[in-house]
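Here is a walk through one protein chain, taken a piece at a time.

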Amino acid sequence: MSELNTLGIMYNIVLAEKDAEYQEIFQEALEEMSLPTTLTIVNDGKELMDKLKAAQSSTYNVVVLDVNIPKKSGIQCLKEIRKNNRWNNTFSVVLTSDKNRNQVEKAYGAGANLFLTKPDSYNAYLETIRRILTSEWEMSLPIFR
């Protein structure tokens, strides 16, 4: 954790999650990790894409989304994200309760960098968030250099 702070990385995360409890836990986990982070929370896929398309959206370097978000699915959002050169360096993470193997394949096929299932305990969820933010994939993206 302290090693990440010395890298000078500022995480600008947008979380697309419909469940208020998971939104709160995600936010608490980030605070507990004490990483330099800005978190934006949206409730559905349409709101996610509207945020990304807004003028300052190119500063988002991590998108965390559930595959089962309303209005526009996480898979649809991933496809849109990967079609736009503006978001080439955005690290896209699917964090979902859906354990359907087909969803994993669809997510990676749509451009997800990482697919994780939501754990049942708070400590396991915290470790999942830590995994997202310490992924070797992420650190190799140009936006993190």
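This is a predicted model: local features need pLDDT of at least 70, side-chain atom pairs count only at pLDDT 80 or more; totals for chains, interfaces and linings use all residues.

Let's begin with Tyr-122, which is partly exposed because its relative accessible area is 29%.

Local features need pLDDT of at least 70 and side-chain atom pairs count only at pLDDT 80 or more, while totals for chains, interfaces and linings use all residues; side-chain values use heavy atoms, leaving out hydrogens and water.

**Around the tyrosine**

Tyr-122 sits in helix α6. Helices (H or I, at least four residues) and strands (E, at least two) are DSSP runs, numbered from the N terminus. Which residues does Tyr-122 contact, leaving aside its neighbours within four places in sequence? They are Ile-25, Glu-28, Ala-29 and Glu-32, where contact means heavy atoms within 4.5 Å. Take Ala-29: it is 93 residues away from Tyr-122 along the chain, yet the two C-alpha atoms are separated by 8.5 Å.

**Charged pairs**

Next up, the salt bridges. One of these is a side-chain nitrogen of Lys or Arg within 4 Å of a carboxyl oxygen of Asp or Glu, and the count by that rule is 6.

| Glu-17 | Lys-118 | 2.6 Å |

Glu-17 forms its salt bridge with Lys-118. Glu-17 is in the loop between β1 (11-16) and α2 (20-33), and Lys-118 is in the loop between β5 (114-117) and α6 (122-133), so this pair ties together parts that are 101 residues apart in sequence. Both Glu-17 and Lys-118 are buried.

Asp-66 belongs to the loop between β3 (62-65) and α4, so here the tie is between parts 52 residues apart in sequence. Lys-118 counts as buried because its relative accessibility is 6%, and Asp-66 is buried too, with a relative accessible area of 3%. Put together, Glu-17, Asp-66 and Lys-118 are linked in a network of salt bridges.

Glu-80 counts as partly exposed because its relative accessibility is 25%. Lys-53, at 47% relative accessibility, counts as partly exposed as well.

**The strand β3**

In a regular strand the side chains alternate between the two faces of the sheet. β3 has both of its faces covered: Val-62 and Val-64 are buried on one side, and Val-63 and Leu-65 are buried on the other.

Which strands pair with β3? β1 does, in the parallel sense over 4 bridges, and strand β4 (residues 91-96) is joined to β3 by 4 bridges, also running parallel. Two strands pair if DSSP finds at least two bridges between them. Ile-13 stands opposite Val-62 in β3, while Val-64 stands opposite Val-93 in β4.

**The nonpolar interior**

In soluble globular proteins, nonpolar side chains tend to be buried together. A nonpolar core is a set of buried Ala, Val, Leu, Ile, Met, Phe, Trp, Tyr and Cys residues joined through side-chain atoms within 4.5 Å. The largest one has 22 residues, and Leu-48, Leu-52 and Leu-78 touch the most other members. At least two residues of this core come from each of β1, α3, β3, α4 and α5 (101-110), with the largest share, 4 residues, supplied by α4. Apart from it lies another core, of 21 residues, among them Ile-13, Leu-35, Val-93 and Leu-116.

Finally, α5: its buried residues are Gln-103, Val-104, Ala-107 and Ala-110. Seen down the axis, they fall within an arc of 140°, so they line one face of the helix; the arc is that of the directions from the helix axis to the C-beta atoms. These buried residues pack against α4, β4 and β5. On the face of α5 turned away from the buried side are the exposed residues Arg-101 and Gly-109.

Note on methods: Residues are numbered from 1 along each chain as its sequence is written. Buried means under 20% relative accessible area, exposed over 50%, partly exposed in between (1.4 Å probe, protein chains only).
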